[in-house]
Amino acid sequence: MDERQWGAVDAYFTRTIVWQDGVLESALAANAAAGLPQIDVSPPHGKLLYLLARAAGAVTALEIGALGGYSTIWIARALPPDGRLVTLEADETHATVARRNVARAGLSEKVEVRLGAALDLLPKIEAEGLGPFDFVFIDADKSNNANYLTWAVRLSRPGTVIVVDNVVREGAIVDAAASDPGTVGLRRMFEMMAREPRLKATAIQTVGSKGWDGFVLAIVE
Ligand code: SAH
Ligand code: DHB
Ligand code: MG
């Protein structure tokens with residue numbers, strides 16, 4: 001088994017059926033030029049977010065963790081013209097790059113990039129009545145994933161689709177020796193999901209250009 005093959009297969013999928021256009025390519029180029037970490041979702045995973053949001057008929061979407069807005073653009077493109085996506089980003093440089101990429105994608109009307117720590121911003125989003133959201137993508141600091149899941153459910157309605165990125169982390173989730181805050185936070189999130197009767201959930205492992213990882217897919221009852 002060779003990790004380079006995982007990347008080659010992702011590249012094959014990307015150039016055949018994913019249809020990553022110049023706007024998405026230039027968003028990645030702008031991220032690199034600004035020195036952002038290259039931890040965006042892969043193109044096939046971005047397309048999956050688009051397809052899930054489309055399949056759910058999402059009009060409103062919430063993203064926690066924008067980085068340079070690559071996943072943001074995929075999700076926003078799935079929303080109808082009157083759709084609205086709010087994405088939360090704690091890093092000022094990341095938020096600035098994300099706004100620029102979203103603008104270049106022609107999505108500024110649909111997308112609002114809010115700067116701040118998500119746990120500070122989420123109560124304001126609730127107070128402003130921006131929910132319920134039809135689609136939620138959780139992809140920020142993994143140590144807070146249990147808190148983000150609580151907020152995602154709180155800002156949801158029956159039928160809301162919730163996706164959580166990076167839930168495998170090269171197997172760390174089941175590695176008893178892995179006790180970093182991210183992995184601990186991830187396990188707390190799984191324990192919470194296990195006890196949350198309002199969620200129907202699964203987790204899928206993936207290999208690809210970003211190595212061995214996976215995502216949670218959940219629907220609110
Ligand atoms: N969703 C993006 C990748 C996000 S990377 C994509 O796939 O294109 C994770 C992002 O979460 C980083 O930009 C990081 O700055 C941000 N982040 C970390 N802690 C945060 C917090 N407490 N609140 C909001 N954003 C946070
Ligand atoms: C990291 C974060 C991500 O959201 C991701 O998809 C991959 C890596 C990280 O913090 O290392
Ligand atoms: Mg991620």
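Start by selecting helix α7, residues 145-154: seven of its 10 residues are buried, so this helix is largely enclosed by the rest of the structure. "Buried" here means under 20% relative accessible area, "exposed" means over 50%, and "partly exposed" is in between (1.4 Å probe, protein chains only). Helices (H or I, at least four residues) and strands (E, at least two) are DSSP runs, numbered from the N terminus.

Before moving on, a word about what you're looking at: this is a predicted model, where local features need pLDDT of at least 70, side-chain atom pairs count only at pLDDT 80 or more, and totals for chains, interfaces and linings use all residues. Residues are numbered from 1 along each chain as its sequence is written, chains are lettered from A and ligands numbered from 1 in the order in which they are written, and side-chain values use heavy atoms, with hydrogens and water left out.

**Stop 1: inside and around α7**

Which residues of α7 are buried? Color N145, A146, Y148, L149, W151, A152 and V153 to see them. Here's a handy rule while you look down the axis: an α-helix has 3.6 residues a turn, so residues three or four places apart point the same way.

Now show what covers those buried residues: the cover includes the strands β1 (60-64), β4 (135-138), β5 (161-165) and β6 (199-208). Helices α6 (118-127) and α8 (181-194) are part of the cover too. Contact means heavy atoms within 4.5 Å.

**Stop 2: ligand 1**

Select ligand 1 and show its surroundings. How many residues surround ligand 1? There are 22, and the closest are G65, S71, E89, H94 and D139. A residue gets into such a shell if one of its heavy atoms lies within 4 Å of the molecule.

Look for α4 (70-78) and β2 (84-89), which each supply at least two residues of this shell. By class, the shell has 12 nonpolar, four polar and six charged residues. For that sorting, Ala, Val, Leu, Ile, Met, Phe, Trp, Tyr, Cys and Pro count as nonpolar, Asp, Glu, Lys and Arg as charged, and the others, Gly among them, as polar.

Next, zoom in on individual atoms. In the side chain of E89, an N or O atom is 2.6 Å from an oxygen atom of ligand 1. D139 has a polar side-chain atom 2.8 Å from a nitrogen atom of ligand 1. For L67 it's a backbone N or O atom, 3.4 Å from an oxygen atom of the ligand. On its own, ligand 1 exposes 590 Å², and the protein buries 88% of that. These areas come from the Shrake-Rupley method with a 1.4 Å probe; for residues, only the protein chains shown count as cover.

Stay on L67 for a moment. L67 sits in the loop between β1 and α4, and counts as buried at 10% relative accessibility. Its phi is near 50°, a positive value in a residue other than glycine. Most residues other than glycine have a negative phi, and most peptide bonds are trans.

**Stop 3**

Are D165 and N166 buried or exposed? Both are buried.

Polar side-chain atoms of D139 and N166 each lie 2.7 Å from an oxygen atom of ligand 2, while one of D165 lies 3.2 Å from an oxygen atom of ligand 2. Taken alone, ligand 2 exposes 290 Å², of which the protein buries 60%.

**Stop 4**

Finish with R169, in the loop between β5 and α8. R169 also has a positive phi, near 50°, and is partly exposed at 26% relative accessible area. Its side chain makes a polar contact (3.5 Å) with the side chain of T183. A polar contact is a pair of N or O atoms within 3.5 Å; within protein, one must be able to donate a hydrogen and the other to accept it, and residues adjacent in sequence count only if both atoms are side-chain atoms. T183 is in helix α8, and counts as buried at 1% relative accessibility.
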